[in-house]
Amino acid sequence: MIELESRVKIPFLWGKSVFKKNNWSQINLIVGPNGSGKTLLAQGLAKQFSEAGYSVRFIKSDRGNRKKQLAFLKSNDKVRGKIETVLSSMFGKSIKFIEDIDGTMIPIVENKAWNVEYMLEDAECHGLREIILLLINLYQKSSEASLGECIFFDEPELHLHPQFQTFFMNEIRKEVQHSSRRIFFLISHSPFFIDLRTPEDLTGVIACHINKVPTSIEELDEEDDILFRKFLPRFNTYHKQFFFSDNQIFVEGYTDQKMFTYLLPYIEDEYSAAGTGIIDVGGKDELGVFCKVCSLLGTNGRIITDLDSLFSGKLRDVFSQDQRVCQWLDKQKEKQTAFYQSIFTEKEIALGINLEKLIRRLERFLIDIGKSINDLSSADIKIELKKDTKSKGQFSRHDLELLDILLQKLALLQEKHENAEAIDTYKTVLLQGVGAIPQLLEKILPQKIASTIPLVKNLSALVLAAAEAARVYILPKGCIEHYYTQNTILFMPVSAKDRLFRNELDFIQSAHRKVVRKKYAELISILEKACTPV
């Protein structure tokens with residue numbers, strides 16, 4: 001870690017805000033969308049490192065004077081030999097540099113497969129020319145630096161195949177291992193340069209944003225360090241898209257990713273989704289990690305997740321502690337005073353209300369409802385429903401069918417799990433039941449428990465709204481399958497997900513735009529909220 005107090009101002013991009021960072025890695029990545037000021041920030045940092053006594057080289061995206069850079073090879077046999085060896089191995093061609101009649105160095109390619117020789121500048125691809133210039137600047141070391149050498153590469157990915165990008169990043173890592181006095185900055189749009197191998201590598205990422213000062217992580221606490229050490233081996237190139245846009249939306253699995261991607265063009269203002277990607281991460285806990293990374297880096301990541309995310313996992317832990325959620329709940333205090341008094345004691349309220357406490361109270365209500373349902377016999381339920389047939393509020397056949405399926409689902413979970421009340425799915429099914437048939441549940445449950453049904457509805461709505469303050473959108477119906485239109489899915493868990501998903505996708509691809517917007521209005525509405533800027 002290198003300490004250098006840095007301050008950069010770009011008023012026309014960030015207003016009065018100032019980018020500040022004191023701790024630097026040997027490899028630093030400046031990332032973000034187009035127009036967010038990445039190159040201007042890098043130029044400001046280059047000036048400050050130079051003023052602090054570092055020898056600074058700024059390799060622009062146009063790579064500058066190529067002949068001048070190639071001329072360096074004339075006086076440095078060691079670097080020239082290394083580049084010739086590296087390139088010959090990479091391309092399966094013998095590549096050497098010779099001196100032209102005007103004294104400049106020119107690369108010659110010998111293709112042994114066809115026994116031909118030609119000048120690189122005349123016949124080879126841009127990528128090979130680019131990698132030569134990058135390697136010259138990488139291997140060339142300054143002898144003038146008093147503190148060390150600082151090298152900036154602007155868009156090193158230009159004209160480079162992904163494998164060449166990975167190769168160049170690996171070469172940078174080798175240089176860092178050999179010298180602690182060399183510092184690198186890469187201004188990039190390529191996920192192949194987001195080469196995060198340890199949690200400490202995250203502190204070298206500077207995320208630029210549109211109309212907002214860049215953000216970075218100065219240091220990680222012990223808990224985050226442990227979390228990221230477990231996560232980084234699963235962090236793939238596809239996941240890294242979020243470093244280059246503030247508009248990325250994370251979901252649990254590939255069916256969610258495909259459904260939301262197909263529905264993205266159907267939102268009201270389709271152009272507001274420009275630059276938005278839907279990224280599946282492979283589970284609730286992974287969603288929690290991405291939520292944490294976005295929070296630490298200051299990127300405005302959004303998450304759409306299943307209802308069971310409320311009841312356990314890293315995601316719940318992260319968004320419950322998010323400052324945006326805390327601030328939102330603070331603003332709700334006066335408005336929710338009467339409601340809080342109906343579900344908490346005075347002592348509990350005096351200790352403060354946070355999202356974790358609200359979720360725990362919701363769980364307690366649901367567990368009590370579940371126990372009461374479990375204590376009911378079929379005869380008890382029939383007696384209560386028979387009373388209802390004599391009144392004007394007779395329940396519909398559909399409601400009764402929903403009740404029957406709900407009871408079956410809960411019974412199956414009780415059989416499968418020794419302590420079903422502690423299972424996320426069990427609590428989720430109960431919450432789904434409260435949302436689907438609240439009046440019917442009130443009718444069959446004992447009066448004391450029945451009185452909590454309206455409280456559960458209000459409490460769950462409050463919890464979901466609080467999560468949205470952290471840009472976490474929880475599907476109130478359960479999971480994405482409960483929004484399908486070609487099959488009716490009732491309560492969790494859901495089986496045969498792949499078949500259901502393919503039926504839905506076939507329908508979306510063949511249906512008229514107006515039909516899709518109408519059929520999937522609820523999902524599209526959630527997408528629109530996720531795509532809306534703060």
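Asp-330 is partly exposed in this predicted model, with a relative accessible area of 46%. Its side chain meets that of Lys-333 in a salt bridge, with an N to O distance of 3.8 Å. Side chains of opposite charge can pair in this way when their charged atoms come close. In total, the structure holds 29 salt bridges, and a few of them are worth a walk through here.

Another salt bridge joins the side chains of Glu-363 and Lys-427, at 2.9 Å from N to O. This pair links distant parts of the chain, 64 residues apart: Glu-363 belongs to helix H15 (residues 355-375) and Lys-427 to helix H18 (residues 424-436). With a relative accessible area of 10%, Glu-363 is buried, and Lys-427 is buried as well, at 6%. Both values fall under the 20% cut-off for burial, so this link between helices H15 and H18 has a buried residue at either end.

Salt bridges can also be followed from one partner to the next. Through shared partners, Arg-57, Lys-82, Lys-141, Glu-149, Glu-175 and Arg-182 are joined into one network.

Technical notes:
Residues numbered from 1 in each chain as written. Predicted model: local features only at pLDDT ≥ 70, side-chain atom pairs only at ≥ 80, totals over all residues. Heavy atoms only, no water. Salt bridge = Lys/Arg side-chain N within 4 Å of Asp/Glu carboxyl O. Buried < 20%, exposed > 50% of the residue type's maximum accessible area, 1.4 Å probe, protein only. Helix = DSSP H or I, 4+ residues; strand = E, 2+ residues; numbered from the N terminus.
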